[in-house]
Amino acid sequence: MYKILRKEVFSPIIKLMDVEAPKVAKSCRSGQFIILRIDDQGERIPLTIADYDREKGTITIVFQEVGKTTEQLGAMEAGDYIKDFVGPLGEPSHIENFGNVIVVGGGVGIAPVHPIARDLKEAGNNVIGIIGSRNGDLLFWEDKMREACSELHVTTDDGSYVRKGFVTDVMKEIIEARGKENIALVIAIGPQPMMRACCNVTKEYGLKTVVSLNALMVDGTGMCGCCRVSVDGETKFVCVDGPEFDGHQVDWAELSKRGAYFRDEEQKSKEMRNHTCKCGCGGGK
Amino acid sequence: MADAPKAKAKKIVPTKNPMPAQDALERSRNFSEVATGYTKETAMAEAQRCIQCKNTPCRQGCPVEVEIPAFLKLAAEGDFAGAIAKIKEKNALPAVCGRVCPQESQCEKYCTLGKKHDPVGIGRVERFCADWELSTGVNVPETAAPTGFRVAVVGSGPAGLTCAADLAKQGHKVTIFEALHVAGGVLMYGIPEFRLPKAVVQGEVENLKKLGVTIDVNSVVGKFATVDELMEEGFDAVFIGTGAGLPYFMKIPGENLCGVYSANEFLTRTNLMKAYLFPQCDTPIKIGKKVAVLGGGNVAMDAARTALRLGAEESWIVYRRSDKELPARHEEVEHAHEEGVKFALLTSPTKIIGDENGVVKAMECLKYELGEPDASGRRSPVAIKGSEYIMEVDTVVVAIGQGPNPLVPRTTKGLEINRKGNIVASTETGATSKAGVYAGGDVVTGAATVILAMGAGKVGARSIHEYLQSKKA
């Protein structure tokens with residue numbers, strides 16, 4: 001059992017938790033993920049590590065409520081226990097001194113990009129951060145990102161905070177202003193369409209772009225192959241070969257179709273959670 | 001307790017007591033255990049069939065060296081407590097072995113009675129004794145005085161559990177590290193509930209804990225710590241039994257379409273995550289009307305039979321050789337037939353075809369004929385030119401085998417690995433190229449059986465014990 005030590009509510013659907021998991025905290029590195037299972041009936045879901053404290057033995061996760069499990073998790077409070085919490089899984093981010101690196105965090109993707117930005121800066125890079133969300137209410141960790149990056153640019157889709165525009169708009173402006181030859185690498189983490197859009201932009205400039213994929217997973221240790229994705233025409237497992245890949249090589253269409261395969265079941269599961277009756281159907285569990 | 005006069009034990013009963021089972025059609029739609037088990041009376045009657053011959057050839061067929069005639073004698077007398085204690089001297093997982101061991105190619109193959117008649121149903125009596133104990137309360141075997149040595153066992157499948165049990169009995173402090181959230185490995189994620197109820201596996205795991213074995217679930221060795229780090233932290237020896245957890249694919253076009261599962265994924269969703277109880281359990285599985293399982297081994301049979309239970313209208317085994325070459329146990333093939341699994345033999349897909357949503361709708365298959373025997377001694381399949389045809393399917397399960405999971409081999413310094421990625425370890429001792437590190441089971445041999453992995457666990461435990469004794473000296 002893994003205790004939730006702290007909960008922070010960023011918005012009605014985006015929440016943070018510090019979870020006591022000393023084994024994971026001791027050895028994890030930025031870019032890796034964990035898998036959790038709330039209870040005995042629960043499914044295993046992967047979440048990228050947003051931060052960690054080796055001394056306190058905690059892992060920070062930030063998640064958006066999109067389905068049954070994340071909604072159930074969001075309803076838990078500090079002091080509650082998560083049944084299973086395993087990690088660190090996946091390969092860590094490749095960190096070295098590249099020079100000027102653009103780091104993009106979109107929506108809930110701001111969380112996993114944060115420790116990568118911090119490590120890159122520590123390794124001597126000039127880290128140009130861009131964070132964005134649909135509106136100002138959904139934006140979080142502007143302060144932490146400002147600290148982790150050498151400079152930070154903030155945008156919102158609807159212009160309700162700082163400026164109007166997608167992260168790709170900001171990225172394009174920066175590349176144009178500084179010259180593509182002065183950018184060594186782009187790292188983009190966020191919802192699939194956002195990462196794909198970023199890759200479309202950087203491809204035009206010939207800028208290498210690393211993305212962190214969120215595929216469906218079961219075990220997360222390379223055993224089931226549920227998370228397979230085509231990268232440069234080769235099948236890779238996101239859980240053990242990734243989660244980070246060269247975004248220009250990823251077959252996004254396939255990834256998006258595979259991600260949608262269980263949509264009906266996910267909907268049903270979500271409805272069951274919000275359905276309370278005493279007929280024994282398992283609703284309201 | 002009934003007494004069994006010695007004279008009576010010599011009387012030959014030619015046929016095995018049949019194993020009661022659920023009706024084939026009924027069971028093909030539920031997940032309850034297929035074989036329902038002997039009663040006390042049948043178990044005694046079957047045990048009494050053993051003629052207690054002098055040379056006990058059955059024992060040579062048992063990878064974990066169970067004293068078969070001795071336990072049968074006790075069971076024949078109705079002394080099930082004595083019988084199970086006798087079995088457990090050698091076998092830590094009798095309820096599992098009684099169900100999934102291929103007895104026909106092991107103990108029962110060598111049974112003296114079996115030369116002219118049916119062999120004694122050794123596995124069936126073993127199962128009864130184990131179930132009897134699980135339902136009446138377990139006697140914990142005695143353990144030796146603590147030695148002060150600590151051993152890490154990586155993986156809690158049949159090899160790891162057996163190794164841990166034997167080491168614990170010798171007084172060593174054992175910690176098992178399991179990657180998943182529950183112990184049992186393939187016994188939990190792979191073998192279906194209807195062949196091996198998960199409550200039975202957990203019963204055996206609980207017995208192990210009573211021996212003083214610590215089981216750390218959610219612990220992926222190679223990730224939270226490497227084997228080297230475990231040894232630095234104070235483990236005196238390590239046994240690696242991480243199994244064959246890497247699914248192989250056909251490498252044909254369309255394999256990443258939605259609706260194509262590896263057998264591992266298909267079975268893990270169903271068994272470990274209990275997707276057959278969705279939405280009461282959160283993990284879903286999607287099953288089409290017509291399912292094709294590629295492969296002909298035990299895992300393929302498990303997947304094809306599982307597909308029927310999940311609601312498939314048709315479940316097909318697609319295998320490129322003929323029925324004679326099917327690598328699955330005869331009994332499993334028979335059960336599959338009885339339940340209505342269909343067989344497309346001498347057939348192999350060349351590509352999987354999807355619809356506009358990227359979901360499987362058909363396979364293009366090629367017909368084969370048998371040619372000359374290959375290296376394995378089986379006649380190799382040869383494709384018939386121009387025999388392509390379309391088989392409409394909406395779910396495909398790839399069950400063509402598994403390789404060793406690379407997580408531990410890749411992260412352990414100085415561990416010799418072969419071309420296929422298996423850990424190189426001695427069959428006699430389990431010793432690897434690294435001092436203090438032993439390995440056994442599928443990670444060494446490639447995908448094999450539960451009992452062979454258990455045998456390797458036993459060998460590993462014996463060597464580790466000797467290694468620790470020498471360390472003390």
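## Buried area between chains A and B

About 3800 Å² is buried between chain A and chain B, with carbon and sulfur atoms giving 54% of it. Buried area is the accessible area (1.4 Å probe) that two parts lose on being put together, summed over both. The contact involves 49 residues of chain A and 44 residues of chain B, contact meaning heavy atoms within 4.5 Å.

This is a predicted model: local features need pLDDT of at least 70, side-chain atom pairs count only at pLDDT 80 or more, and totals for chains, interfaces and linings use all residues. Residues are numbered from 1 along each chain as its sequence is written, chains are lettered from A in the order in which they are written, and side-chain values use heavy atoms, without hydrogens and water.

## Salt bridges

Five salt bridges are counted between chain A and chain B. Each is a side-chain nitrogen of Lys or Arg within 4 Å of a carboxyl oxygen of Asp or Glu. One of them pairs K223(B) with E91(A), with the closest N and O atoms 3.6 Å apart.

## Cysteines

Over all chains, the disulfide count is zero; a disulfide needs a pair of cysteine sulfur atoms within 2.5 Å. C50(B) is in no disulfide, and the nearest cysteine sulfur, that of C53(B), is 6.4 Å away. C50(B) is buried at 11% relative accessibility, where buried means under 20% relative accessible area, exposed over 50% and partly exposed in between (1.4 Å probe, protein chains only).

C107(B) is in no disulfide either. The nearest cysteine sulfur belongs to C62(B), 6.5 Å away. C107(B) is buried, at 8% relative accessible area.
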